[in-house]
Amino acid sequence: GNLIQIIGSLSTIQLAYLMVKSNPGISAKGIDSTTLDGLSFKSLQKISQDVLSGKIKFSPVRRVYIPKPGKSVLRPLGVSNSREKIVQKAIEMVLTAIFEEMFLDCSHGSRPGRSCHTALKHLQL
């Protein structure tokens with residue numbers, strides 16, 4: 001129960017909102033056509049209450065196709081609604097704070113500042 005208390009706390013939700021909103025490519029509308037611009041402090045309070053009470057339900061993502069950099073091929077991308085982006089970021093923040101220090105230095109998947117590109121560079125040394 002303690003993780004939900006941390007994830008759903010208003011301060012965590014507010015920080016997650018700020019982090020999501022600061023991401024330049026995140027303004028796409030989700031399946032419900034809302035954007036982060038339309039969220040008020042009251043909306044953040046409601047998100048917090050829903051997480052804490054277990055009422056948060058994730059909906060299907062909206063599938064869009066975006067061009068691959070430097071190629072004519074399109075790749076699929078799932079776009080969550082604004083509310084879910086915030087909750088996902090809150091979950092990521094809390095779990096990263098807990099588990100990041102446990103990973104080995106050679107682990108690169110889904111970690112801050114690491115990617116398949118850093119893994120390949122690691123292998124080339």
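Predicted model: local features only at pLDDT ≥ 70, side-chain atom pairs only at ≥ 80, totals over all residues.
Author: Local features need pLDDT of at least 70 and side-chain atom pairs pLDDT 80 or more, while totals for chains, interfaces and linings use all residues. Residues are numbered from 1 along each chain as its sequence is written, and side-chain values use heavy atoms, without hydrogens and water.

Reader: Why is Tyr-17 called buried?

Author: Tyr-17 has 12% relative accessibility, and buried means under 20% relative accessible area (exposed is over 50%, partly exposed in between; 1.4 Å probe, protein chains only). Tyr-17 therefore counts as buried.

Reader: What does Tyr-17 touch, not counting residues up to four places away in sequence?

Author: Tyr-17, in helix 2, touches Leu-36, Leu-39, Leu-44 and Ile-86, where contact means heavy atoms within 4.5 Å.

Reader: What makes helix 2 roughly perpendicular to helix 4?

Author: The axes of helix 2 (residues 10-22) and helix 4 come within 8 Å and cross at roughly 110°. Angles of 65 to 115 degrees count as roughly perpendicular (under 35 roughly parallel, over 145 roughly antiparallel, the rest oblique), so helix 2 is roughly perpendicular to helix 4.

Reader: How do you know that Glu-84 has no salt bridge?

Author: A salt bridge needs a side-chain nitrogen of Lys or Arg within 4 Å of a carboxyl oxygen of Asp or Glu. For Glu-84, the nearest side chain of opposite charge, Arg-83, is 6.3 Å away. Glu-84 is in helix 4 (residues 82-99) and is buried yet has no salt bridge.

Methods. Helix = DSSP H or I, 4+ residues; strand = E, 2+ residues; numbered from the N terminus. Lys, Arg positive; Asp, Glu negative; His and termini not counted. Axes fitted to C-alpha atoms, helices over the stretch in contact; angles between N-to-C directions.
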